[in-house]
Amino acid sequence: MSPEGAPAPDEAAFSDEEIEAARVLFARPAVFLMGAVSVDGLPAPDLPEVAFAGRSNVGKSSLINGLVGQKHLARASNEPGRTREVNFFVVDERVRLVDLPGYGWARAGKGEVKKFQALGRDYLRGRPNLRRAYLLIDARHGLKDVDEEPMAAFDRAAVSYQVILTKADKLKPAEVEAVRARTEARIAKRPAAFPGVIATSSEKGTGLPELRAAIARACGFGDSPDAA
């Protein structure tokens with residue numbers, strides 16, 4: 001169980017068997033598949049997918065690398081906001097991890113920003129094999145006004161999404177729990193928000209076993225009644 005504090009409701013529901021099965025799944029080969037610059041270039045919807053969204057510099061690349069136990073699968077840029085494609089990674093030829101363009105303060109012209117962020121919204125609206133989206137929030141800052149737009153996009157697209165706190169190791173356990181509680185309260189009435197917030201640290205490994213199990217469950221692997 002996460003050393004950062006008491007488990008969220010969804011975390012508590014994972015059995016030891018689910019945690020282990022997810023660990024084994026994510027220990028298998030994970031490779032970069034492709035980057036798409038338009039909806040016409042998306043791969044065939046023949047595998048379950050989970051998507052990761054978040055502000056620029058929230059730690060999406062680090063989280064994806066942590067999930068699969070690799071340091072350089074997803075490449076973090078020194079210039080936040082450089083992810084301008086929808087990037088696809090495949091784990092064990094069974095599930096795709098999808099890295100959506102970041103938002104917030106990308107160093108690009110307004111027209112270009114709108115273009116690649118519209119690509120992310122188009123992906124959300126038209127992807128039948130998308131099982132869940134994960135909205136990454138820096139635990140040190142919590143939800144900001146800029147996060148309202150992606151949450152509204154998830155709601156409009158009727159895409160189930162779960163909030164994931166990143167960089168939880170930068171806070172004390174009590175502070176993490178306070179951020180988690182505030183976040184859960186803020187998303188409680190959001191129609192597409194999945195209950196429960198998982199606190200993670202890519203550096204320390206905090207919360208990654210639970211997130212792997214959440215992904216496996218959302219993709220229908222295992223006997224969980226929550227399987228999609």
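How much accessible surface does the protein chain have, and what share of it belongs to carbon and sulfur atoms? The accessible surface comes to about 10,600 Å², and 51% of that belongs to carbon and sulfur atoms. Keep in mind that this is a predicted model.

**The whole chain**
- The protein chain has 7 helices and 7 strands.
- Along the sequence, they follow the pattern α-α-β-β-α-β-β-α-β-α-β-α-β-α.
- The protein chain has 228 residues, and 51% of them count as buried.
- Take the contacts in the protein chain with a separation of 6 or more: 75% of them come from residues 24 or more positions apart.

**Helix H3**
- Helix H3 covers residues 60-68.
- It is largely enclosed by the rest of the structure, because 8 of its 9 residues are buried.
- The buried residues of H3 are Lys-60, Ser-61, Leu-63, Ile-64, Asn-65, Gly-66, Leu-67 and Val-68.
- Gly-69 follows H3, and its phi is positive, near 70 degrees.

**Helix H6**
- Helix H6 covers residues 173-187.
- At 1.5 Å a residue, its 15 residues should span 21 Å. The end C-alpha atoms of H6 are 21 Å apart, which agrees.
- Val-176, Val-179, Arg-180, Thr-183 and Ile-187 are the buried residues of H6.
- An α-helix has 3.6 residues a turn, so residues three or four places apart point the same way.
- The face of H6 turned away from the buried side carries the exposed residues Ala-174, Arg-182 and Ala-185.

Note on methods. Residues are numbered from 1 along each chain as its sequence is written. This is a predicted model: local features need pLDDT of at least 70, side-chain atom pairs count only at pLDDT 80 or more; totals for chains, interfaces and linings use all residues. Side-chain values use heavy atoms; hydrogens and water are left out. Buried means under 20% relative accessible area, exposed over 50%, partly exposed in between (1.4 Å probe, protein chains only). Helices (H or I, at least four residues) and strands (E, at least two) are DSSP runs, numbered from the N terminus. The expected span of a helix is 1.5 Å times one less than its number of residues. Contact means heavy atoms within 4.5 Å. Accessible areas come from the Shrake-Rupley method with a 1.4 Å probe; for residues, only the protein chains shown count as cover.
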